[in-house]
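Biologist: I have a structure open and would like to go through it with you. Can you put it up on the screen first?

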Amino acid sequence: MALFLLDHGAGNVQSLANSIKKLGYDFSWISSPEDFHKASILVFPGQGAFHTAIECLTERGLLEPLYNYIQSGKPYFGICIGMQILFASSAESPSTLGLGLIPCQMERFDDTTKPVPHMGWNTAEPIDSNTLSSEGVSSSDHYYFVHSYRAKYDPEGNPEAAMWAHSTTQYGQEVFMSTVRKGNVFGAQFHPEKSSVAGLTVIDAWIKQSLAGRTPAEPSARIPRPPKSQHGFTRRIIACMDVRANDEGDLIVTKGDQYDVREKSLTSTPLSSTTAIKTAGAVRNLGKPVALAARYFESGADELCLLNITSFRHSPLQDQPMLAVVRAAAERVFVPLTIGGGIKDTVDPDGTKRSAVEVAGAYFRVGADKVSIGSEAVYAVEKVCAAGGILDGSSAIETISKVYGSQAVVVSIDPKRVYVDPTTYDGPYKDELVHGRPDSPESERGKAWWYQCTVSGGRETRPVSVVQLAQGAQILGAGEILLNSIDRDGTGLGFDHDLIGLVKRAVTIPVVASSGAGTKEHFVSVFVETGVEAALAAGIFHREEVGIHEVKLASRLAGINVRS
């Protein structure tokens, strides 16, 4: 039997290919309409906007052959956007029709009581407790979700659609179909290829059963699934790596204090690897970032962030050393990867212009799940403010989110404190002032400050406050905020709760706390006191001063839901 993967041309499909290779299966790619006739098993992975997927399939002449393949009765597994196109339509693109197999429209999550996108690890509860029909999905495991639109599980209001429900997930007080199954069709809203061992189990179970021969799945029982008092959504622990080139051209992970990124000697044993590749005209050793990413994955990190702090101005896009790092890391890491640095309109050394969408797409295609935008976001928000709030659609945030969805775009903010006299200040940021409390560090008592945004790695300040930038980034289409702090970076004093709380109250998208972690208790306190969705650290993990498992154990003991 022939296993084929469908690449619709937009998004990270390489991670699924890596997962299937790891599981030991051979596969081919659908490259033309005729290939559907060769396929006896088909998997359609993908990310991105609903309309982008339909348009890409249509333009390549693959939409009708895909529909015909599904109707033929041969096994089909749709992942994320590969599941969503099975539905009639999506509120993301109301005028774009899906395949219409499931008579239901995908609707946007309500963001009045929770952040949207639904980004992170959550549980999936099968409708049928019989393990023979589970497709490897277990209610005791966590799976990685990243989406803004969902199919409501409504057995009374839409019983025909509910018959497709294979498992449900609760986010906030909304219950939706996290997997669908009927006849020869199976679909998952979560990303099994990014869900660590639990996700690989789902992929393996589905392929094995398909190879052995499937019995068409009967419609699901329509059972009530009212929302519970608590959902299974977890807080994320993220490991970050700042990557640059050393004098020999090898890529290394470095971490400084308060944005001084000169390499520091580490007390732990150096990581080594034989991973090397020729990029930008030189053979580069990728050992440190790739080996470290693999170590963090094995340690239980929920997500990894790779930040390119070397410009590689003389490297054409397709010869970028960071592309090689992401490609190599994605072969060993089966949790989400975010890449930052250089995600903007660029020009290759030979004069070839590359749009931000093209740059982001190159990273997605080698295994990245999200891209992080820093300085370009500041300039974009400044432009919007100068235009009286009018968007022109030209920024990297807008163009990338239009093609790949807002969940694929992270805006990284580097703010620093600006101290003012609280008795006399009457400037434009008076509503954002933070006042030092009696129990604050002595250096902060009696003082007031606002947070000013910076560009160029914190070297240049801009006339934009952190609230202006966060809100502007959300309006432009960002799906997540990575909130750093120049004042706390590398200090080990803990996260800046005032800063995090200020931004959390200003936006309705997920926020990642960064900068200042020195102990496992710092993670616990930032989750408890700010409600932030994720917390990130770099130096303390690199130097093995605090382990990821220690952070998770402390969080669990404090009653915080984290992935095992």
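**Around H142**

Modeller: This is a predicted model.

Biologist: Where is H142 in the fold, and is it buried or exposed?

Modeller: H142 is in the loop between β8 (125-126) and β9 (143-147). The relative accessible area of H142 is 15%, and under 20% counts as buried, so H142 is buried.

Biologist: What about E135, where is that?

Modeller: E135 is also placed in the loop between β8 and β9. With a relative accessibility of 3%, E135 counts as buried.

Biologist: Which residues is E135 in contact with?

Modeller: Leaving out neighbours within four places in sequence, E135 is in contact with H166, R181, F186, V202, A205, W206, Q209 and R214. From E135 to I203 the C-alpha to C-alpha distance is 8.3 Å, and in sequence they are 68 residues apart.

Biologist: Changing topic. How many helices and strands does the protein have?

Modeller: There are 17 helices and 30 strands. The radius of gyration is 23 Å, close to the 24 Å that the globule rule gives for 564 residues, so the protein is as compact as a globular protein of that length. The C-alpha trace spans about 70 × 55 × 50 Å along its principal axes.

Biologist: And what percentage of the residues count as buried?

Modeller: Of the 564 residues, 59% count as buried. Among contacts with a separation of 6 or more, 73% come from residues 24 or more positions apart.

Biologist: How many residues are in the largest nonpolar core?

Modeller: The largest nonpolar core has 97 residues, and those with the most contacts inside it are L304, I400, V466, I481, F523 and F541. Helix α10 (residues 356-366) gives the most to this core, seven residues. There is also a second, separate core of 38 residues, which includes I54, L57, I102 and V180.

Biologist: Take F541 from that list. Which residues is F541 in contact with?

Modeller: Setting aside neighbours within four places in sequence, F541 is in contact with I237, I238, A239, R295, Y296, F523, V546, G547, I548 and V551.

Biologist: Now the helices. At what angle do α11 and α13 pack?

Modeller: Helix α11 (residues 375-386) and helix α13 (residues 466-476) pack at about 85 degrees, with axes 9 Å apart. That makes α11 roughly perpendicular to α13.

Biologist: Which residues meet there?

Modeller: From α11 there are A377, V378, A380, V381 and V384, and from α13 there are Q468, L469, G472, A473 and L476. By class, this contact has eight nonpolar residues, two polar and no charged ones.

Biologist: Which residues of α13 are buried?

Modeller: V466, V467, L469, A470, G472, A473 and L476 are buried in α13. Just after α13, G477 takes a positive phi of about 125 degrees.

Biologist: What is phi for S456?

Modeller: Phi of S456 is positive, about 55 degrees, although S456 is not a glycine. S456 is in the loop between β26 (448-455) and β27 (460-465), and at 28% relative accessibility S456 counts as partly exposed.

Biologist: And E544, what is phi there?

Modeller: E544 has a positive phi near 60 degrees and is a residue other than glycine. The loop that holds E544 runs between α16 (539-542) and α17 (548-557).

Biologist: Which residues does the cis peptide bond join?

Modeller: That cis peptide bond joins V116 and P117, with omega about 15 degrees. P117 lies in the loop between β6 (102-108) and β7 (118-122).

Biologist: Last one, G11. Where is G11, and what does it touch?

Modeller: G11 is in the loop between β1 (3-6) and α1 (14-22). At 0% relative accessibility, G11 counts as buried. Not counting residues up to four places away in sequence, G11 touches Q47, F364, R365 and Y404. G11 and F50 are 12 Å apart, C-alpha to C-alpha, and 39 residues apart in sequence.

Note on methods
Residues are numbered from 1 along each chain as its sequence is written. This is a predicted model: local features need pLDDT of at least 70, side-chain atom pairs count only at pLDDT 80 or more; totals for chains, interfaces and linings use all residues. Side-chain values use heavy atoms; hydrogens and water are left out. A nonpolar core is a set of buried Ala, Val, Leu, Ile, Met, Phe, Trp, Tyr and Cys residues joined through side-chain atoms within 4.5 Å. Buried means under 20% relative accessible area, exposed over 50%, partly exposed in between (1.4 Å probe, protein chains only). Helices (H or I, at least four residues) and strands (E, at least two) are DSSP runs, numbered from the N terminus. Contact means heavy atoms within 4.5 Å. Axes are lines fitted to C-alpha atoms, for helices over the stretch in contact, and angles run from 0 to 180 degrees between N-to-C directions. Angles under 35 degrees count as roughly parallel, over 145 as roughly antiparallel, 65 to 115 as roughly perpendicular and the rest as oblique. Ala, Val, Leu, Ile, Met, Phe, Trp, Tyr, Cys and Pro count as nonpolar, Asp, Glu, Lys and Arg as charged, and the others, Gly among them, as polar. The radius of gyration is taken over C-alpha atoms; the globule rule is 2.2 Å times the number of residues to the power 0.38.
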